[in-house]
Amino acid sequence: MLAEEQTEVENSLGGNSDEILFDEKKVEQLKELAKQPDIYDRLTRSLAPNIWELDDVKKGLLCQLFGGNALKLPSGARFRGDINILLVGDPGTSKSQLLQYIHKLAPRGIYTSGRGSSAVGLTAYVAKDPETGETVLESGALVLSDRGICCIDEFDKMSDSARSMLHEVMEQQTVSIAKAGIIASLNARTSVLACANPSGSRYNPRLSVIDNIHLPPTLLSRFDLIYLILDKADEQTDRRLAKHIVALHFENPETVQQDVLDLATLTAYVGFARKHIHPQLSDEAAEELTRGYVELRRRGNFPGSSKKVITATPRQIESLIRLSEALARIRFSESVEKHDVMEAFRLLEVAMQQSATDHSTGTIDMDLINTGISASERMRRENLVSSARNLIMEKMQLGGPSMRLLELLEELKKQSSGSEIHVNDLRNAIATLASEGFVAVHGDGVKRV
């Protein structure tokens, strides 16, 4: 447990122990590769070349493989350098294929399925040593994938107890345990790559991400990038996809994609970058990060409204720093340039545009991921409660006769001709008023008290 330095001395590339001793010739080769101007696109093409397109998702996964710098301040505070990614999408959109590929490529990659993982299997469990009879601590998947990537498939089918263990791992990067008299805190500096199906098996675009994936918002906000991979019917793309899949079966796959790095070179490239390249932010990049973050926050100001929508949180700026460092690492550069930051913003935009867009207003709203309800929806509910209160004060006497819910609905619709009001929304508003002691509800009747 105390041998933190030991894990650093050990190979950081899992099973590929021979790769760790890079000879000079190999290093020269890798540096030549890194000097190519299109290295970022080449690496993207080399990542799972048999999977068709999904370029932005692959770029996000590439950043996860390289990772950012873990920062430890003199005060003892730690900032993680690992990037967590969640893939959500319809069945048959090659999510598990991508996971399997990253698992093969990643340093210390561990692959586990949500249905078959328990909380102790992910973290650590106490067992009796058969020879000495003492209780010993056995580490689970997240502790074993320290300094690597833990791939979790079927994330939505995990038990709640197993999922609750991830909160600490994904932000603090430790696993704390108090079992059978053993009290310990184990390192779990691992990136989590999870993939989940929507709750109805197919994604419903009319519902928010939270309603589609029944995951707690506290966990969702810890993912740096959330990608939606949707299966849209379109004849041209369907034909190109079908041609690509058929070509994989009857042609030699190598002839389909030119200019692709093989698996061994890619693994060596990632291993060398993670071990030897530690990029720092340049002044230009730091300036661009600050400016971009303020710009992101400013998008939440609606003209003519006093309410502000939270379009970015401090977690986003940390994600941007990690992504920028990973992009600099891809080029074997020791400093983060302005264009790295701009690409990091683009990657975050692509992921947020899909997952955190409030459909009623069309803007990005981080409240959707952080709390599960968009700010516009919350404002709408508050407005409905206040208009229902005003209507009841106007139409009903204290202790007078009750009024039916549908009559109230009709009156409200007359007053607010522009907006659509549903019975369920009104029920929720009346329930709020009842909890304040303003009205009493008896079956379908509402009485002012």
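Student: Of the contacts in the protein chain with a separation of 6 or more, what percentage is accounted for by residues 24 or more positions apart?

Tutor: Please keep in mind that this is a predicted model. The protein chain has 21 helices and 16 strands. Among its contacts with a separation of 6 or more, the share from residues 24 or more positions apart is 69%.

Student: Where does Asp56 lie, the partner of Arg346 in a salt bridge that links distant parts of the chain?

Tutor: The side chains of Arg346 and Asp56 meet with N and O 2.9 Å apart. Arg346 belongs to helix H17 (residues 338-355), and the two residues are 290 residues apart. Asp56 lies in helix H4 (residues 55-66).

Student: Are Asp146 and Arg189 buried or exposed?

Tutor: These residues form a salt bridge, with the closest N and O atoms 2.6 Å apart. Asp146 is in the loop between helix H7 (141-144) and strand E7 (149-153), whereas Arg189 is in the loop between strand E9 (182-187) and strand E10 (191-196). Both Asp146 and Arg189 are buried.

Terms used
Residues numbered from 1 in each chain as written. Predicted model: local features only at pLDDT ≥ 70, side-chain atom pairs only at ≥ 80, totals over all residues. Heavy atoms only, no water. Helix = DSSP H or I, 4+ residues; strand = E, 2+ residues; numbered from the N terminus. Contact = heavy atoms within 4.5 Å. Salt bridge = Lys/Arg side-chain N within 4 Å of Asp/Glu carboxyl O. Buried < 20%, exposed > 50% of the residue type's maximum accessible area, 1.4 Å probe, protein only.
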